[in-house]
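Hi everyone, thanks for making time for this. I'd like to walk you through one structure today, so let's get it up on the screen.

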Amino acid sequence: MKDIRKIIAVLLLLGSGLFFSCQDELVEINDETSQFNLSDQAKNLLLNIAKNDGSGDNIVDGASCFEVKLPFSVIVNGSELLIEDEDDYEVIEALFEQFSDDLDELQIVYPVTIIFEDYSEAVVENDAQLAEFAAQCGGENEEDDDIECIDFNYPITFSVFDANDDVSTVTVNSDKELLEFILSIGTNDVISVGFPITFTLSDGSTVTAEDADQLEQIIIDASDDCDEDDDNDFDDDDNNDITAEELIALLQGCEYEIDKFKLGNDSDNKRYEGFVITFGEDGIVRADDGVDLYEGEYAVIEDGDKLYLELVMEEGFFDDINDKWKLHVIAGGDSDNVKLDFRNGKNRIRFESKCKFDDDDDDDENEEEGSDFSAGEVADLLTGCDFQIDQFRLGDEQDDERFAGYVFTFGVEGAVEAASGDEVVSGSYTLVQDGDYVYFTLEMDEPLTDLNDTWKLDEVEFENDGQQVKLKFEINDNRVRFESLCGDE
């Protein structure tokens, strides 16, 4: 009777589709064991979909292998904000983007609870503890196990035939329940999955698996079909509400040069210096420096709410730019003065328009953007010479003579002195790197307190064969420019 009951149960399972156990071999059904094989790959695929994705709140914790449990509070640029759902991360981003030239700060109100990929939890009391947990995660955009580009449409029903020949039915309704169920499978358990199973893909479409082979193939095909966004660049989905047609018009409406280029961790902004890039209406992209001409094809691709620029250059000097680049952000307020910034993982390319525009500061070939400099490089410039202020503006009021006669000396330990005759005014300064930009915080005693602020480095200008430097800092509508006294003719 026992053998008959076991055979009937297995036949029932055969009708439902997918069987798996923890064994690596297919064996016969007998009194001792009843096991069917499922590849380790299939089990791991299910597990990796079920794992908790921690990248959704990277704007808060900077870690993709855990998330902060809702609700919790943060202080963003001095204002406290209650985070109750994922939509509130967009509120943080909006606060960060409210001003383009401020130094964004976020503080977590502790204690908080974090949830790991296996749904276990830990209480975190301070930034140091959070950093310790984050250090155990992989770096930004490093390959990980979890699959984020496809989701199960629950519920899913499983039939379990255990070592005691008992058959039971288990229904799972969430990723957490699925992970717990798979991890609970016994060595001698035989499992069948009730088909059909429906998935939702990253573009919002659905696909259905009718059997075990389809299930595996669908997951494999979708596993790398999206940007898992395992980075801390919170605005990397910002396309500036531009359409594909508008992007094409921008590309074709002007000549460009490549002013930023990065592959992985290696930046080489000068690699394509001197080349003029044109995007023709015939779909041909050309790079010409007056000596060499390189050609290729380009296409603007719209995928959901994202725009991509696909470049296919002929083999040679320019084939390093061959890729499908996602539009990251558009800088510049006017269509005739635009910078198109594209990313693909850690790779970056930025096209700067060569159309004429009215900005007296931007036609000097000796000027470089502040984003080209690190905090350490700016510190070397400041401490390498004495400075004077040759430009100063507060709002609409320009007063370049406001600090005339003061000579500023920046020490390596963060102290600064401004001397004018017998008068010496003391203060302090700090330099902080935030993303691509350097921020310069100045704290001066009276009567120089109008300088006290956190300024963003906007531009660096070199004169007299590089011996003299001018550092222009801005914040909102305010501007200050320090001119070195070294190399001053």
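I'll talk about salt bridges, then a charged patch, and then a few spots in the backbone. Keep in mind that this is a predicted model.

Okay, salt bridges. How many salt bridges does the structure hold? There are 18 of them, and I'll pick out a few. As background, side chains of opposite charge can pair when their charged atoms come close.

Take Arg271 and Asp320: their side chains meet in a salt bridge, at 3.1 Å from N to O. Arg271 is in the loop between strand 15 and strand 16, while Asp320 is in the loop between strand 19 and strand 20, so this pair ties together parts that are 49 residues apart in sequence.

Next up, Glu352 and Lys339 form a salt bridge, with the closest N and O atoms 3.9 Å apart. This pair links distant parts of the chain: Glu352 belongs to strand 22 and Lys339 to strand 21, 13 residues apart. Why do we call Glu352 buried? Because its relative accessible area is 17%, and the cut-off for buried is under 20%. Lys339 is buried as well, at 16%.

Then there's Asp450 with Arg402, a salt bridge where the closest N and O atoms are 3.4 Å apart. Again the pair links distant parts of the chain, 48 residues apart: Asp450 is in the loop between strand 29 and strand 30, and Arg402 is in the loop between strand 25 and strand 26. Asp450 is partly exposed at 34% relative accessible area, and Arg402 is partly exposed at 29%.

Salt bridges can also join up: Asp282, Arg286 and Glu295 are linked in a network of them.

Now for the patch. Which residues gather in a patch of negative charge on the surface? They are Glu84, Asp85, Glu86, Asp87 and Glu90. Of these, let's zoom in on Glu90, which you'll find in helix 4, residues 87-96. Glu90 counts as partly exposed because its relative accessibility is 48%.

Here's a polar contact to look at. Ser64 sits in the loop between helix 3 and strand 2, and its side chain makes a polar contact of 3.0 Å with the side chain of Asn58. With a relative accessible area of 18%, Ser64 is buried.

On to the backbone. Where is there a cis peptide bond? One goes from Tyr110 to Pro111, with omega near 0°, and Pro111 is in the loop between strand 5 and strand 6. Another joins Phe195 and Pro196, with omega about 5°, and Pro196 lies in the loop between strand 11 and strand 12.

Asn77 has phi near 50° and is found in the loop between strand 3 and strand 4. Tyr119 has a positive phi of about 75°, and its place is the loop between strand 6 and strand 7. As for accessibility, Asn77 is partly exposed at 32%, whereas Tyr119 is buried at 16%.

One last stop: Glu314, in the loop between strand 19 and strand 20. Its C-alpha atom is 5.5 Å from that of Gly296, although the two residues are 18 apart along the chain.

Notes
Residues numbered from 1 in each chain as written. Predicted model: local features only at pLDDT ≥ 70, side-chain atom pairs only at ≥ 80, totals over all residues. Heavy atoms only, no water. Patch = residues over 30% accessible without salt bridge, like charges linked within 9 Å, V, L, I, M, F, W, Y side chains within 5 Å. Areas by Shrake-Rupley, 256 points an atom, 1.4 Å probe, with all protein chains shown as cover. Salt bridge = Lys/Arg side-chain N within 4 Å of Asp/Glu carboxyl O. Lys, Arg positive; Asp, Glu negative; His and termini not counted. Charge placed at Lys NZ, Arg CZ, Asp CG, Glu CD. Helix = DSSP H or I, 4+ residues; strand = E, 2+ residues; numbered from the N terminus. Buried < 20%, exposed > 50% of the residue type's maximum accessible area, 1.4 Å probe, protein only. Polar contact = N/O pair within 3.5 Å; in protein donor to acceptor, adjacent residues only side chain to side chain.
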